[in-house]
Amino acid sequence: MKAVPFTDVKIEDKFWSGRIETNRKTTIPALFKMCEESGRIDNFAIAGGLKKGEHRGQYPFDDTDVYKTIEAASFSLKVHPDAELEKYIDGIITYIAAAQEPDGYIMTARRNRSEKLSGRLGSKRWSNEAGGGNSHELYNAGHLYESAVAHYYATGKRNLLNVAIKNADLVCSVFGPGKNETFPGHQVIEMGLVKLYQATGDEKYLRQAKFFLDTRGPGGETYTQSHKKVIDQNEAVGHAVRATYMYSGMADVAALTGEQSYVDAIDKLWENVVGKKMYLTGGIGSDPSIEGFGAAYDLPNMSAYCESCAAIGNIFWNQRLFLLHGDAKYVDVLERTLYNGFLSGVSLDGKLFFYPNPLASRGQHIRRSWFSCACCPPNIARLMASLPGYVYACSDNGFYVNLFAASQTTVKISGKKVQVSQETNYPWDGDVKITVNPEKPAGFNLYVRIPGWARDEAVPSDLYSFIDKSDEKIVLKVNGKTVLVEMQKGFACINRKWQKGDVVELNLPMRARCVAANEQVAEDKGKFAIQRGPVVYCVEWPDVADGVVSNLLVPDDAARLNAEFKPQLLGGVEVLKGTGLGFEIDEQGNLEKKNKDFTAIPYYAWAHRGMGEMAIWLARQDAAAIPLGMPSVAKKSSVSASVSDANMETIKDGIMPANSADKTKPFFSWLPKKGTKEWIQYDFGGVYDPSIVEVYWVDDGPAGEHRLPKNWKIQYKAGNEWKDTWTPDSWIIEKDKLSRVVFETVKTDSIRLVVEMQDGFSAGLYQWRVK
């Protein structure tokens, strides 16, 4: 099957058209500006001798941010011609071409002799490519090829394509059987080479893509998926972006060569991800330490990594699996990721971005305009620009409606021109009207996806399931008459001789549903999540009393949710209103349950109204709720520290970790400081007489950067001076528990915790209690 190209699909949708336009008018120009301000574009000019200066940037793959932004802009140019933008891109391409060495090699950090990056680059070309892929030379090349092909298709110009071809010819001459048999440290060149093959027809690029897949493993690291041959892998491990780019490359090569062993492997890998390692949002990558996959069912919420690039890789991979197999289950995962794990990565105004996309927050997470490692923003931009290409697909005698969005396209089916259009207010409304207008009467199959969530299937595995079973019916009509839904691989198949003006109407039930996770997902035990259509919901601090989400309990018999569209809220969203119970501890230490109203919003729209609590998974059982403790001195205090950290407020939130290496709970860290003396303090806002402190220290083990401190003490403010408190005991330091110290009572309006860190390590704390 083939996807209908994005250039042949006109989106007229209330939900997506505005976002695509924001991407064109705001995001892409902002990304070019950041590439300029960060020195990424000048790096090419310096490498080409067109400017003087020092190389700027922290990573050898900074070149790819320019390539990806050009790719996004090229997609936009194809749909919205813009002479000024095209001229600007040509100027950048002039720099890129100048930076290319005579034999085709191109990497600005090496040609500019970046001293800062010399350790990562290695002494010679490609010498540090394998292993962790520190040099990223082949990764850079892959994104160059993708960008060049997009620019060529958009403009017809070969100025960037010629650069890509020259580099690819060099790569093909250096790497291969009996030559340099190194595998790419960070996958993506496999997809890039396939696109170059499709643009030029030169089969050596397809052969080279297959070589890079076949030369990977065994005996390498799980981090780079080089621990086994690619065809022997059946569990998703390591860096999530690397993995999904590799799986996508395998699908590309398999589609063009018929390599069944690739298909068998990625089918098993997909079952592993969707069955054991995927978040409800479609996000993947639970382990921040490797930006990748953790163990089966290890899906913590607040520490979830769920990199935006990994969500994009998941969309790439599932699109390719659909094109291989024609099964709607892959589009179900794609859609889930698109509306949730991907869309949360960009702000409504198109200017700010998430790198990780957690499923819970205490207010420590905010979107940013740019990152030193800026792979996610331009990746988001290029997917958004090409989004119309995911709506429809064609086979020899069939037309597939994969995603629901008001749109129109014209395709050829069995040699006959057919116009197809959609009218819908999806995802807020489940009514979809599809009009078929063949140039002449034409017989073919129309496949309309019936999403799994509409068939009482939360995901195509047992990882998540609906708590409440639905008896609502899916209704399908052709020219006003109800027809029997004949299902084929998740699609309603309608076979008929289509006439001009034929209308298919689909009604999907859109009631809010409660979702439970598999019992083996420890983080979500006793909890539920809310989903309506493809959209996953969350509860955020402005929409509950006291701004506290963590103490909310919604028993199953109280989970009645009322939907209401709010056109002025967060760009126009369907909200869900309900009533639960708020757990609180009164002044006598007794547990109280009080009625607590809440409003749930789409997860993608969170973090637009200030910093505070957010959660997708809500308690449905008492044990899963975290009671709101009675106000304490610490809770009412303001926090400051010698190092600014977004998690400062979490030290007084009452959330206890399981141990000193608990990655699922937020903590304050003095990073990047190591081996120094630092402090954090409470300003009470009045005079108190503290005499007890309890501190829960961070010590995240051999792979972490935090250790228990060398020593610590408490100081109090006396006038304008800081004085040490006195204790008859030692300042004990304990791991995996609260370190409790009693000191002589002082009267003060501020106290300070002072630490001396171990050499080479930082320190941090989960909780700091004061009594």
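Arginine 609 is partly exposed, at 23% relative accessibility (buried denotes under 20% relative accessible area, exposed over 50%, and partly exposed in between, with a 1.4 Å probe and protein chains only). The model is predicted, so that local features need pLDDT of at least 70 and side-chain atom pairs count only at pLDDT 80 or more, whereas totals for chains, interfaces and linings use all residues. Residues are numbered from 1 along each chain as its sequence is written, and side-chain values use heavy atoms, with hydrogens and water left out.

Arginine 609 forms a salt bridge with aspartate 543, with 2.7 Å between the closest N and O atoms (a salt bridge is a side-chain nitrogen of Lys or Arg within 4 Å of a carboxyl oxygen of Asp or Glu). This pair links distant parts of the chain, 66 residues apart: arginine 609 lies in the loop between strand S22 (591-602) and strand S23 (614-615), and aspartate 543 in strand S18 (residues 535-544). Helices (H or I, at least four residues) and strands (E, at least two) are DSSP runs, numbered from the N terminus. Aspartate 543 is buried, at 15%.

In total, 51 salt bridges were counted. One of them joins aspartate 456 to arginine 513 at 2.6 Å, N to O. Arginine 513 is buried, at 5%, whereas aspartate 456 is partly exposed, at 26%. Both belong to a salt-bridge network that also includes Asp468, Glu472 and Arg511.

Zero disulfides were found in the whole structure (a disulfide is a pair of cysteine sulfur atoms within 2.5 Å). For cysteine 306, the nearest cysteine sulfur, that of cysteine 376, is 12 Å away.
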